[in-house]
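Try each task before you read its solution.

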Amino acid sequence: MSSLRLRQIGKRFGHVVAVSGLDLEVAPGECVALLGPSGCGKTTTLRMVAGFEDLDEGEIEAGDRLLSSKKRNYYLPPEKRDLGMVFQAFAVWPHLSVHENVAFPLRVRKLPAAEIERRVRAALTHTHLLDVAASRPDELSGGGKQRVALARALVIEPAVMLLDEPLSSLDPHFREEMRFEIKDIQRRLGFSMLYVTHDQSEAMALSDRILVMKNGVLQQVGSPMEVYYHPANRFVFGFIGLSSFLRVSFSGGGIQVGNVPMPLAVAGDAPAELVGAGEAVLAVRPADVDFVSEGGLRGVARRRAFLGEIVDYQITIGTQVLRVQKLRHESGPQVGENCGVTFADSTWYPMSDAGE
Ligand SMILES: Nc1ncnc2c1ncn2[C@@H]1O[C@H](COP(=O)(O)OP(=O)(O)OP(=O)(O)O)[C@@H](O)[C@H]1O
Ligand SMILES: [Mg+2]
């Protein structure tokens with residue numbers, strides 16, 4: 001049985017379609033990241049699961065329980081859903097100690113004192129907060145406050161945790177550390193997780209599957225490797241990892257990027273229907289570009305930035321820009337130098353596959 005099932009859920013705010021026809025099943029112990037640009041409907045989806053928003057279409061179930069159903073006109077209030085929730089803002093009570101913040105959901109549920117103590121200790125242990133149990137949240141760092149929020153969500157021992165950009169207010173160093181801590185706690189406790197982020201590296205590091213959304217509509221759902229290596233469309237290609245898109249034209253047997261001829265060996269096999277259409281887009285990741293001294297697709301190096309482990313180049317091909325990244329020991333052109341490029345991997349998309 002899946003621990004969470006969304007069936008064709010949808011939500012409108014006036015004329016804005018925030019989420020439309022979204023399907024998803026989350027397996028027990030699975031982490032699914034909801035990934036997409038600002039305004040694509042990630043928070044709205046999470047709020048529908050949490051019960052803070054009603055549905056305009058569809059149904060949501062957790063385990064064998066119905067949570068919301070438009071058709072059956074059913075809506076279970078948030079406090080009865082037993083889902084753990086952590087949001088972006090440090091939503092902890094400043095006047096309560098860390099211990100009391102974490103105990104609060106259990107006191108509301110009127111659990112016996114001994115059981116409350118046992119569970120609070122366990123949650124504080126998992127989140128490394130035992131030593132500061134008597135402190136107030138304001139005495140903790142941002143990461144510490146977010147740990148309190150996490151402990152307070154864990155204490156109800158939920159089968160499903162909902163997290164909405166829980167790390168986005170932390171500085172980058174803490175962010176990375178907390179990401180692995182959350183993953184570690186999830187592995188130990190075995191809950192399922194729906195994790196909202198617009199940070200693709202966070203999604204890749206944390207999740208078993210990534211659901212990519214755009215304008216409220218699912219674009220692709222798959223493992224980090226699947227969405228990276230087999231993006232369903234140009235939007236997903238552009239959203240996961242770094243990318244360049246070259247506009248390519250086909251005429252009289254020749255292939256051009258603007259006025260620059262592209263050797264067949266660089267272009268590879270373009271699908272016949274795209275060649276027939278006369279133009280297409282070639283998507284390339286910066287790490288898949290190789291520099292060649294002779295031949296290749298010719299360009300000029302406009303920028304060369306040393307980033308430590310890698311060197312980042314901007315190559316102009318006619319009027320278009322190609323981004324290239326090489327390891328620091330690999331050779332590449334200096335700014336202003338002509339160079340040739342070939343592609344170890346690339347993907348063709350029709351010009352009409354609006355990606356941006
Ligand atoms: N309460 C509301 N009233 C009106 N419009 C809303 C409301 N909540 C969300 N929206 C709209 O619904 C769309 C989806 O918003 P949502 O907050 O779900 O996006 P998001 O993917 O979480 O974005 P972000 O990455 O910025 O948090 C947006 O166009 C937003 O303006
Ligand atoms: Mg949001």
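**Helix pairs**

Helix 2 and helix 4 (residues 142-154) cross in a right-handed sense; a crossing is called left-handed if the near helix is turned anticlockwise from the far one by less than a right angle, and right-handed if clockwise. Helices (H or I, at least four residues) and strands (E, at least two) are DSSP runs, numbered from the N terminus.

Before you start, note that this is a predicted model, in which local features need pLDDT of at least 70 and side-chain atom pairs count only at pLDDT 80 or more, while totals for chains, interfaces and linings use all residues. Residues are numbered from 1 along each chain as its sequence is written, chains are lettered from A and ligands numbered from 1 in the order in which they are written, and side-chain values use heavy atoms, leaving out hydrogens and water.

**Exercise 1.** Find the angle at which helix 2 and helix 4 pack, and classify the pair.

*Solution.* 
- Step 1: for helix 2 and helix 4, the angle is about 30 degrees and the axes are 7 Å apart.
- Step 2: helix 2 is therefore roughly parallel to helix 4, as angles under 35 degrees count as roughly parallel, over 145 as roughly antiparallel, 65 to 115 as roughly perpendicular and the rest as oblique.

**Exercise 2.** Classify the pair formed by helix 2 (residues 98-108) and helix 3 (residues 113-126).

*Solution.* 
- Step 1: their axes come within 10 Å and cross at roughly 130 degrees.
- Step 2: helix 2 and helix 3 are therefore oblique to each other.
- Step 3: the crossing of helix 2 and helix 3 is right-handed.

**Exercise 3.** Which polar contacts (pairs of N or O atoms within 3.5 Å) does ligand 1 make with Cys 40, Gly 41 and Thr 43?

*Solution.* 
- Step 1: a backbone N or O atom of Cys 40 is 3.2 Å from an oxygen atom of ligand 1.
- Step 2: a polar backbone atom of Gly 41 lies 3.0 Å from a ligand 1 oxygen atom.
- Step 3: an N or O atom in the Thr 43 side chain is 2.8 Å from an oxygen atom of ligand 1.

Conventions. A polar contact is a pair of N or O atoms within 3.5 Å; within protein, one must be able to donate a hydrogen and the other to accept it, and residues adjacent in sequence count only if both atoms are side-chain atoms. Axes are lines fitted to C-alpha atoms, for helices over the stretch in contact, and angles run from 0 to 180 degrees between N-to-C directions.
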